[in-house]
Amino acid sequence: MNQRIGIIYGDGIGPEIVTEAKKVLEEVASLSDHNFTYEEILLGGVSIDACGEPLTDEAVTRAKSCDAVLMGSIGGDTTTSPWYKLPPHLRPEAGLLRIRKELNLFANIRPAYLYQELKEACPLKEEIIGEGFDMVIMRELTGGLYFGNRETKEIDGVLTAMDTLMYNENEIRRIAIKAFEIAGKRRGKVTSVDKANVLDSSRLWRKVVDEVAGDYKGISYEHMLVDNAAMQLVRNPGQFDVVLTENMFGDILSDEASMITGSIGMLPSASLNDTKFGLYEPSHGSAPDIAGKNIANPIATILSAAMLLRFSLDLDKEAQWVEEAVQQVLKEGYRTADIYSKTAGRALSKLSCTEMGEKIRKHISRK
Ligand code: NAD
């Protein structure tokens, strides 16, 4: 089968890490009867330099023509890069917000997984970590407080600011369905997080999630208030499988969850719409401080490619090859510089970005 994959190299370490992840996709294709064709798409600072804007209409059309898009991070050093002297709508991040909107990417998935080999990097105590944890945070990405009307004005002589938190039942239903579908591919548990003791939008959230849950009898689910969820994440992270929540709660909880893994350079992410299409990217930024040095960790991007195989192309087995190869390379003691420092003391080998990509591909080729 022929599938079209958009490739956004992006800025900073983007080209280095995406090159390694693309080679992984090529390795997977060579071992199966799938044929991937690649469509390069400009986004971010490179697009500003080449076209005068962070995302062109042509780039949007190209992205829409693909089955999925793999992206490196975008943006530069926000204090020194000339991109940040431009008005906000012409800066690199404006391109990212626009592509999410153009592609209607309403469901953001960020896994938080503790690698046993990187346990020392986890800031939690051993007795809390227990057997480890493996969860995904599913955050609604195109509604809620970040997209509602906002205003700052004087009321009775006092400067007053207002942001609107609004959700309709369709927006809640479509992300809830995604969460239950994904839980079905994992350990079969959804924790829906809200603030239903205070907010009307959360009470509607709860009602709609209850309705959706009725269609997924095999999946267990619970509701949890967001303040409790923030606490439970550091008290007993092993209890979570799929955490479903709205935009702002998800923004905060997904950062908390990635922090407790201790290794953000390892964490992939996916943003999905209501088709099979998705945009896949590492959770970290473009790391301009280490760009061009061949020392970046490509694992988050390689694992994003694995999510692309699973969620957009339905290639579960091939996704698993990639994830197992990453596990194996870590088990053998290979590390890039960012995770080497966190596991010092054991016999480990420090690899460059290209060497790490190569090691992972070698394991895949043995499948
Ligand atoms: P960052 O994640 O780029 O870097 C933070 C630290 O982590 C740096 O020391 C960096 O060297 C290190 N790091 C990050 N990824 C790494 C990797 N794969 N391997 C090894 N080390 C890694 O965050 P920042 O410095 O706050 O942001 C830099 C730029 O990235 C900014 O322009 C920001 O807007 C942008 N950014 C983009 C995205 C995105 O494209 N989705 C997300 C976050 C930040």
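## A buried histidine

His 284 counts as buried because its relative accessibility is 14%, where buried means under 20% relative accessible area, exposed over 50% and partly exposed in between, with a 1.4 Å probe and protein chains only. His 284 lies in the loop between strand 12 (278–282) and helix 10; helices (H or I, at least four residues) and strands (E, at least two) are DSSP runs, numbered from the N terminus. Leaving aside residues up to four places away in sequence, His 284 touches Ile 13, Ile 17, Ser 73, Ile 264, Gly 265, Asn 297 and Ala 300, a contact being heavy atoms within 4.5 Å.

## Basis of the model

This is a predicted model, in which local features need pLDDT of at least 70 and side-chain atom pairs count only at pLDDT 80 or more, while totals for chains, interfaces and linings use all residues. Residues are numbered from 1 along each chain as its sequence is written, and side-chain values use heavy atoms, without hydrogens and water.

## Nonpolar cores

A nonpolar core is a set of buried Ala, Val, Leu, Ile, Met, Phe, Trp, Tyr and Cys residues joined through side-chain atoms within 4.5 Å. The largest has 68 residues, and those touching the most other members are Leu 70, Ile 109, Leu 244, Tyr 280, Leu 309 and Ile 360. Helix 10 (residues 299–311) gives the most to this core, namely 9 residues. A second, separate core of 19 residues includes Met 224 and Phe 249.

## A parallel strand pair

Strand 8 (residues 189–194) and strand 9 (residues 220–225) run parallel and are joined by 6 bridges; strands pair if DSSP finds at least two bridges between them. Asp 194 has Leu 225 in strand 9 as its bridge partner.
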